[in-house]
Amino acid sequence: MQIAIASLICSNQNCQAPNPETHLFCQMCGTSSLKRYLWVVGRGLDTVRSSDLIQNRFLVKSSHVVLDMQPNQRLGEQPLDLESDWHLELARPYLKLFSLRRHIPQPYTILTINEQRFLLLEQAPISDCDFSSNLEGDAVNVTLASPLEKVWSRAGALRQLNWLWQIAQLWQPLVEQQVASSLLQPELLRVEGSLVRLLELRSDQDWIPKLSALGYLWKQWLPGTQVSLRPFLSQLCQHLIEGQIETIDDLIDQLDIELQQAGNSQSLEWAIATQTDQGPTRSRNEDACYSSDSNRSVELPFTIVCDGMGGHAGGDIASNLAIETVVQRLQSLPSNTSDTNSIINTVKSTIYDANDVINAQNDQQQRHGYGRMGTTLVMALLKAPKLYVAHAGDSRAYYINRTGCYPITTDHNLLSHWVEMGCGFYSKMLQKSEGSKLCQAVGFSRSTILQPNIQSFVIDEDCVILLCSDGLSNHQLVEECWQAEILPILQGDCDLVVASRRLIDLANRRNGRDNVTVSLLHCTVA
C-alpha cells in the first residue's frame with residue numbers, strides 16, 4: 001500500500017542525519033541507507049493506521065509490515081522469559097533455526113500496542129522497494145516477495161527442481177521444531193530469485209508430519225511443471241503419497257540425481273577477485289586468501305579466506321598454513337566428481353588436515369592456552385550446478401542475487417550459540433561484548449573436537465558469493481552496503497576487482513580496527 005515518505009536516521013553513528021526513505025544514500029555523509037522492514041506476527045496492526053509512528057520508532061506500513069526508523073540504534077532491553085511469555089515461546093523455533101536464516105526470518109523485537117504484543121521479524125521476504133521512479137514523489141510501495149506457486153510455471157526445470165530441493169532440505173529441521181506444516185501453506189512459501197523463503201513459521205500443533213503431505217502439495221503444481229521435468233515429478237509425488245519414499249534423505253537423494261542431470265544443460269561461467277589489507281591500525285596482516293582464478297584451466301574453482309589468531313604468536317603463520325594445506329589437498333580432487341556426499345567429505349577432510357598441521361606445530365613449539373596460533377576459515381568450491389561452502393570460526397560467506405543479500409554461514413561464536421540455544425534475540429544479544437568469543441577455529445585443538453560446517457546449494461541464477469573476514473562483516477557493514485557495492489557487479493556496472501577494492505576501502509573507513517580480506521566469486525548463468 002502507499003503512504004507518505006518516511007524519514008530515516010542515518011546508520012552512520014557519526015552522522016545520524018534524517019533522510020527520506022526513498023534515498024539510497026545519506027544526503028549528508030554518503031553512507032548507504034539501511035532500510036529494515038519488519039514482518040508483524042500476530043493478528044496484524046488493525047488497531048492503528050498506516051503511517052502511524054509507534055514508540056517514536058516503528059512506522060506502520062500495512063497491517064503486517066512496519067519500518068524501523070532508527071535501524072542502527074540499540075533496542076531497549078526487555079526481559080526474555082521463554083517459559084512464561086507466549087510471544088517469546090512463539091519465537092523459540094526461529095531462534096533454534098538461526099543457521100537457516102537465509103530461508104527463515106528472525107525475531108527482532110516485541111512490540112506493544114494498546115496492551116497487545118506483537119513479534120517483529122527481520123529479514124522476512126519483503127521485497128526491496130523500487131525508489132528510482134519515486135525520488136520526487138510522496139508515496140512508497142511496499143510489497144512481499146512472490147508466492148512460489150504463483151511463479152512456478154514461469155520457472156525453468158532446474159529452478160523448479162532447486163525449489164523442491166530446498167523445501168526438502170528444510171523439512172527435517174522444521175519437523176524437529178514442530179513447524180514443518182509451514183512448508184505446506186502456499187501463502188507462506190515465497191521466492192526471491194532462486195531462494196525459497198518463509199514469511200513466518202506456524203506451529204504443527206496436533207498435526208503429525210508425513211512426507212506424503214509434500215507429495216499432495218507438489219502434485220498440485222504438476223500442470224505448471226516444465227515438460228522435461230513433469231514425468232519425474234509425477235512419479236516422485238506418487239511415490240511420496242504411497243509411502244514408497246520413507247525418509248527425507250531418500251527424497252533428497254532422488255532430487256540430487258535429477259538436479260545433476262538438469263544442471264548439465266546449464267552453462268555457468270565464473271570469475272574470482274580477492275583482496276587483503278592489514279588495515280589502518282594493525283602492524284601486520286594475519287589474514288590470508290587464495291583464489292584459483294589465476295588458473296583458468298581449473299575445473300573445480302575455489303576460493304579461501306582465513307583470519308589468523310595469535311598476533312606475534314603466529315596468526316599470520318596459521319592462516320597461511322591453512323591455505324597451503326587446503327589448496328594442496330583440493331588440487332587432487334578429481335574434476336569428474338559429482339556426488340554431493342563425496343565432495344563434502346573431501347572438503348571436510350582437507351580442513352581436518354589443515355587443523356592437524358597447525359595443531360602439530362603448536363605442540364612442537366610447546367604453545368599452550370592463548371599462546372597457541374589458529375585461524376578462522378571460510379571457503380567456496382564450485383562444482384556446477386552446486387556451490388559448496390565450508391567454514392570454521394567467524395569469517396563469513398554471503399549469497400547476493402538481484403533481490404537480496406543472504407548469510408550462508410553462522411559464526412562459531414558465543415553470540416550465535418546463545419541465539420540457537422533460545423537465550424535471546426540476535427538483535428539484542430549483539431550488545432553483549434563477550435558474544436564475539438570464538439567457539440571454533442582451525443588449529444587450536446585436535447580434529448576430533450573441530451566441527452566445520454559444510455553445506456551446498458544450487459546455482460541457477462547470476463549471483464555473487466562474498467567471503468570475508470570480520471574486518472568487513474563487523475557492525476553489519478555487508479548488510480548495509482551490498483546494494484551500493486556488490487549489486488552493481490550483477491548489473492554489469494562494476495568490475496569485480498574494483499568492487500573488491502572498494503569493499504576493502506569501505507571496511508577501513510567504517511570499521512578500521514582489524515585486517516580485512518575479501519573474496520568475490522561472480523557466477524554467470526546461461
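Which residues is Leu521 in contact with, leaving aside its neighbours within four places in sequence?

1. This is a predicted model. In it, Leu521 is in contact with Trp270, Ala271, Ile272, Leu387, Cys463, Val464 and Ile465, once its neighbours within four places in sequence are left aside.

2. Leu521 lies in strand 25, which covers residues 516-525. Its relative accessibility is 2%, so Leu521 counts as buried, the cut-off being under 20%. The C-alpha atom of Leu521 is 8.6 Å from that of Leu496, a residue 25 residues away along the chain.

3. Helix 14 takes in residues 496-510, 15 residues in number. From its first C-alpha to its last it reaches 21 Å, close to the 21 Å expected at 1.5 Å a residue. At the start of the helix, the backbone nitrogen of Val497 has a side-chain oxygen of Asp495 within 2.9 Å. Gly512 follows helix 14 and has a positive phi, near 75 degrees.

4. The buried residues of helix 14 include Leu496, Leu503, Ile504 and Asn508. The buried residues of this helix pack against strand 16, strand 24, helix 11, helix 12, helix 13 and strand 25.

5. Elsewhere, three strands form an open sheet in the order 13-14-15, paired antiparallel. Strand 13 (146-147) and strand 15 (195-198) are the edge strands, each pairing on one side only. Strand 13 is joined to strand 14 (residues 189-192) by two bridges, and Ser146 stands opposite Val191 in strand 14. Helix 3 (residues 157-176) packs on this sheet and touches strand 14 and strand 15. The directions of helix 3 and strand 15 make an angle of about 40 degrees.

Notes. Residues numbered from 1 in each chain as written. Predicted model: local features only at pLDDT ≥ 70, side-chain atom pairs only at ≥ 80, totals over all residues. Heavy atoms only, no water. Helix = DSSP H or I, 4+ residues; strand = E, 2+ residues; numbered from the N terminus. Buried < 20%, exposed > 50% of the residue type's maximum accessible area, 1.4 Å probe, protein only. Contact = heavy atoms within 4.5 Å. Expected span 1.5 Å × (residues − 1). Polar contact = N/O pair within 3.5 Å; in protein donor to acceptor, adjacent residues only side chain to side chain. Pairing = 2+ DSSP bridges. Axes fitted to C-alpha atoms, helices over the stretch in contact; angles between N-to-C directions.
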